[in-house]
Amino acid sequence: MDNNIKVFGEYTFYEDNKEIYRSKNLLTKFGKRYITQYLAGQSNTNLKDIALGVGSTAATVNDTQLGFEFYRSPVSMSSIDIQTNSSTGVSTYGVVYKTTVPVDVAGIINEVGLFPAVSLNSTDYASNSISTFEDNQSWADSTGAYPTSVTNPFPKIGTSYLSIGAAASQSKEYFNSFNIDVSGYSALDSLTLAYYQSDTNLDYVFVRMYDSSNRYYEIRYPGDLSTGYKIKSLTLNNLYSSGYGSGTPDQTSIVKISCGVKAKSSGATAALFDGMRINDEDSFRTDYGLISRSVLTNLITKSLGKQMVIEYRIGLSF
């Protein structure tokens with residue numbers, strides 16, 4: 001008897017009821033474990049989510065999350081798909097998951113992934129989006145002035161960047177009232193920024209987390225010798241113990257976040273902020289994780305005002 005069983009998966013994207021792209025996936029170690037537990041009746045997470053991201057690093061079996069997730073959409077329909085090749089007699093037994101990305105979501109899709117849908121509350125300290133920087137009037141400097149929103153170059157998350165600039169050797173920051181408890185995140189968890197570096201005068205970009213007007217943690221992401229879109233991640237050890245902060249903030253009561261830039265002495269600088277996430281890196285839940293990930297060869301633009309349907313088919317062939 002031939003016991004050669006193959007598992008495969010593929011994402012298909014549709015706009016205006018027309019297929020626009022297909023991308024094969026890589027099944028992660030967690031995904032294989034999840035399928036095994038599900039077949040053994042040891043999983044109670046039947047619902048799924050399809051997540052979209054802008055990360056471009058190659059998919060690996062060790063992936064636990066997307067490179068930078070910007071939207072997650074619940075699967076609205078699942079169905080069984082059984083097909084037999086009339087020439088070879090080989091049968092494939094598949095499950096199709098389908099979701100609709102609504103009209104108010106915009107971004108450039110570079111990666112896609114399937115997750116079990118798990119309801120997490122504020123005390124779970126799970127991976128979460130902090131800001132997409134689209135609403136410039138949520139941010140203000142010390143005088144109350146708003147930063148500028150820009151659309152060129154085209155952002156990857158939403159429809160605009162938040163532009164922050166500083167004169168040579170100077171720094172500039174903008175504040176956002178934001179209540180967050182970070183006490184449950186360890187030094188091994190991470191804070192990830194997606195931004196566009198406009199010039200080579202950037203010394204660093206920084207994020208500060210305040211519990212009051214003068215006590216804050218600070219984390220710094222060094223500028224590069226090249227311009228362009230950047231996704232940078234640092235462990236929270238670089239926030240809690242960086243030596244750049246002020247006082248001893250209360251981790252359970254962060255009430256304000258600021259983002260800013262510091263220019264080199266060589267000239268003025270600007271960075272265009274696109275997204276910020278906090279990521280749970282050091283814990284593993286057997287009921288929750290990235291099942292599959294696909295990094296697209298050709299990027300897909302999800303336009304504002306248009307729906308997009310995504311199907312994921314995972315199958316077994318015997």
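**Entry 1: terms and model.** I began with pairing: two strands pair if DSSP finds at least two bridges between them. Strands (E, at least two residues) are DSSP runs, numbered from the N terminus. The model is predicted, so I note that local features need pLDDT of at least 70 and side-chain atom pairs count only at pLDDT 80 or more, while totals for chains, interfaces and linings use all residues. Residues are numbered from 1 along each chain as its sequence is written, and side-chain values use heavy atoms, with hydrogens and water left out.

**Entry 2: an open sheet.** I looked up the order of strands and found E3-E19-E8-E4-E5, an open sheet of 5 strands with antiparallel pairing. Its edge strands are E3 (26-27) and E5 (69-74), each of which pairs on one side only. Strands of a sheet pair through backbone hydrogen bonds, either parallel or antiparallel. Within this sheet I checked E8 (residues 107-116) against E19 (residues 292-302) and found 7 bridges in the antiparallel sense. Ile-108 has Thr-301 in E19 as its bridge partner.

**Entry 3: strand E14.** I then turned to E14 (residues 202-210), where 8 of the 9 residues are buried (under 20% relative accessible area, with exposed over 50% and partly exposed in between; 1.4 Å probe, protein chains only). E14 runs antiparallel to E17 (residues 254-263), joined to that strand by 8 bridges. I noted Gly-260 in E17 as the bridge partner of Phe-206. E14 is also joined to E15 (residues 216-222), by 7 bridges and again antiparallel. A hairpin of 5 residues leads from E14 to E15, and Tyr-210 stands opposite Tyr-216 in E15.

**Entry 4: Thr-192.** I located Thr-192 in strand E13 (residues 190-197). Is Thr-192 buried or exposed? Thr-192 counts as buried because its relative accessibility is 3%. Its side chain makes a polar contact of 3.0 Å with that of Ser-233 and one of 2.8 Å with that of Asn-279. A polar contact is a pair of N or O atoms within 3.5 Å; within protein, one must be able to donate a hydrogen and the other to accept it, and residues adjacent in sequence count only if both atoms are side-chain atoms. Leaving out residues up to four places away in sequence, Thr-192 touches (heavy atoms within 4.5 Å) several residues, among them Phe-68, Tyr-221 and Ile-231.

**Entry 5: Ile-231.** Ile-231 is partly exposed, at 34% relative accessible area. Ile-231 and Gly-67 lie 164 residues apart in sequence and 8.3 Å apart in space, C-alpha to C-alpha. Gly-67 is one of the residues that Ile-231 touches.

Definitions and conventions: Helices (H or I, at least four residues) and strands (E, at least two) are DSSP runs, numbered from the N terminus.
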